[in-house]
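Colleague: Hi! Could you walk me through this model when you have a minute?
Modeller: Happy to, let me put it up.

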Amino acid sequence: MPTPITSRDDWRLQAVCRDHDPDMWFPNGVHGPNDPAKIICATCPVRTQCAELGLPEHFGIWGGLNEADRDLIRRGITPPRDEPGTPRNEQSRRRQELVRNHILRLGYDPEKPLPNGIGVRVEEDLQISHAQFQSARRAILRSAA
Ligand code: SF4
């Protein structure tokens, strides 16, 4: 049940979602950066406070983060922050950096061949597709050559 707002300074008074259907923040299935609620959250001035409040939650979008994003944060992984409108090359660059850092975190050299199963582990941990992982890997190996 929502906590009643009792103070004029409560940050929730600035929440952009107050003017929208709350069901939008509880969509079914996995959603990406173009989810309508995420697009609205991206314009919200209290996004940080909302994301902090929602971190322990397991349902819904809080501060522009869905459960998949929060799960990554809880495990100490910075989730991909592809805001709507982020250029594709910037999205690829960020994903490449994320993959590189995660391979390092798992104890492997991102510029060397990986043991079986590590690619799938990275894809699952970062919740990226196989094609996105392969593309990031190719770019990392190219930059090392
Ligand atoms: S960040 Fe999103 S969910 Fe949170 S208050 Fe703002 S619009 Fe609502």
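**Walking through the model**

Modeller: Let's start with E57, which is found in the loop between helix 2 and helix 3 (67-74). Helices (H or I, at least four residues) and strands (E, at least two) are DSSP runs, numbered from the N terminus. This is a predicted model: local features need pLDDT of at least 70, side-chain atom pairs count only at pLDDT 80 or more, and totals for chains, interfaces and linings use all residues. Residues are numbered from 1 along each chain as its sequence is written.

Colleague: Is E57 buried or exposed?

Modeller: E57 counts as exposed, because it has 12 C-beta neighbours inside 10 Å. The cut-offs: a residue is buried if 20 or more other C-beta atoms lie within 10 Å of its own, exposed if 12 or fewer, and partly exposed in between, with C-beta atoms placed from the backbone. The C-alpha atoms of E57 and E67 are separated by 7.7 Å, and the two are 10 residues apart along the chain.

Colleague: Thanks! And where is P22 found?

Modeller: P22 is in the segment before helix 1. P22 is exposed too, with 11 other C-beta atoms within 10 Å. Its C-alpha atom is separated by 9.8 Å from that of G60, 38 residues apart along the chain.

Colleague: Stepping back, how many helices and strands does the protein have?

Modeller: There are six helices and zero strands. Of the 145 residues in the protein, 16% are buried. Among contacts with a separation of 6 or more, 45% come from residues 24 or more positions apart. Two residues are in contact if their C-beta atoms, placed from the backbone, lie within 7 Å.

Colleague: Which residues make up the largest nonpolar core?

Modeller: That core has seven residues: W25, A37, C41, C50, I61, W62 and L65. A nonpolar core is a set of buried Ala, Val, Leu, Ile, Met, Phe, Trp, Tyr and Cys residues joined through C-beta atoms within 7 Å. Not counting residues up to four places away in sequence, L65 touches A51, G54 and R70. Another core, of six residues, lies apart from it and includes L98, I103, V122 and L126.

Colleague: Now the ligand. Which residues are the closest to it?

Modeller: The closest are A15, C17, C41, C44 and C50, out of 13 residues that surround the ligand. A residue is near a molecule if its C-beta atom, placed from the backbone, lies within 6 Å of it. Helix 1 (36-41) and helix 2 (47-54) are the elements that give two or more residues to this shell. By class, the shell has 10 nonpolar, two polar and one charged. Here Ala, Val, Leu, Ile, Met, Phe, Trp, Tyr, Cys and Pro count as nonpolar, Asp, Glu, Lys and Arg as charged, and the others, Gly among them, as polar.

Colleague: One more: what about I118, which helix is it in?

Modeller: I118 is in helix 5 (residues 118-126). I118 counts as partly exposed, because it has 15 C-beta neighbours inside 10 Å. Leaving aside neighbours within four places in sequence, I118 is in contact with L106 and Y108. C-alpha to C-alpha, I118 and I103 are 8.2 Å apart in space, and they are 15 residues apart in sequence.
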